[in-house]
Structures are given as C-alpha cells and as structure tokens.
Amino acid sequence: MLENICVECGMCCDGTMFGYAELNDGDDAAALTTAGLRIVGNGEQSGFQLPCPRLVSCACTMYVDRPSPCRAYKCALLLHHESGEVSTAAAREIIVRTMELRDRVLPALQAFVGWPVPVPFSGLQAMMAHDLDGGCDGGRDGDPAAELVADVAAVRLLLADHFDLVKPVAAVTP
C-alpha cells in the first residue's frame, strides 16, 4: 500500500515551489475567497497567492473542496512514488533533505532580500536573482552573497531533480 507522501511535504502549497496557483473556469472564486484564499487577477485570469492559508502542518484543511489546480497537481516525486519507482522511505528522505536545506537557507535569504513582510521561498529566490542582476556582486570568494547563491541553487537543484515536472526523477535508494 502506498502512503501519501504529500502530507509530509506540502512544498507545492507552502510557497517553496510556487508563489501563485492559477484558477480554472470551473473554480468558484467567491467560495474560495470565503474559504480564506486571497484571489488576485482580472476577470479573465485569476488565481491565489501561495503559501496557501489553508495549509496546516503540510495538510490541506479544505481538501474536499480544494480548487482544480490543487486537485490536478502531482509533483514528479509523487508520480514516481505512485508508480513504484521511488520507495516511501526514499521519498521521505528526499522531502526531509529538501525541507531541511530550505529551512536552513530561508533566514539568510530573507535577510538578503530585506523585504518587510513574509515572502515564500519561491518569491525570495526570484527577488534575490533580481537584486543580483541589478549589480549586487554575489560572485566573490568568501562573499556571503556567493554562499547564499550557492545554497539557494542547492535547494533549487533538489526541487528540479525531484519535484519539478520538467524532467524524470531518478530513483533514489535509501
């Protein structure tokens, strides 16, 4: 029997992987707003900001009534777990390793960006990239920004290798 690894992760909902989820035509924006989601966008294209306020301890508190993008989404790790290519133990190890590194990097990333309100990891990494493109030198040896760039890249690499749907996930043995 497969165990649900999602309730040990939640990185698709907590802002680690995404900062926004786009709604589909069948989603009731008014009902989702009433449920506590912050709907943004115009009449043609709307969605909600992540982290999702209905995510509590890696579990969706509106699971039965969740919006269509949440119903449809399965990360690469979950797909490979469901197919038997990645064991539950290996999936858990990947999740824990990714979350631990993200949690270790997050305070330094928040300090680097210096944004006055909480921003999810996905947004912070984009803001850091923008700041570095704007002339902040992150490439010198011993530079704290260079260390931070390397740490953020390590998190992004774990996400790309194991969670993103862009390429296949290599099976990992514990």
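Residues are numbered from 1 along each chain as its sequence is written, and side-chain values use heavy atoms, with hydrogens and water left out. Because the model is predicted, local features need pLDDT of at least 70 and side-chain atom pairs count only at pLDDT 80 or more, while totals for chains, interfaces and linings use all residues.

**View 1. Glu 82 and Lys 74 form a salt bridge.** A salt bridge is a side-chain nitrogen of Lys or Arg within 4 Å of a carboxyl oxygen of Asp or Glu, and by this rule the count comes to seven. In this pair the N to O distance is 3.0 Å.

**View 2. Arg 104 meets Asp 151 in a salt bridge.** The N to O distance here is 3.6 Å. Arg 104 lies in helix α4 (residues 88-113) and Asp 151 in helix α6 (residues 144-162), so the pair ties together parts that are 47 residues apart in sequence; helices (H or I, at least four residues) are DSSP runs, numbered from the N terminus. Arg 104 is exposed at 54%, whereas Asp 151 is partly exposed at 21%.

**View 3. Asp 164 pairs with Arg 156 in a salt bridge.** The closest N and O atoms are 2.5 Å apart. Asp 164 is buried, with a relative accessible area of 13%, whereas Arg 156 is partly exposed at 25%.

**View 4. Asp 14, Arg 102 and Asp 103 are linked in a network of salt bridges.** Side chains of opposite charge can pair when their charged atoms come close.

How values were computed. Helices (H or I, at least four residues) and strands (E, at least two) are DSSP runs, numbered from the N terminus. Buried means under 20% relative accessible area, exposed over 50%, partly exposed in between (1.4 Å probe, protein chains only).
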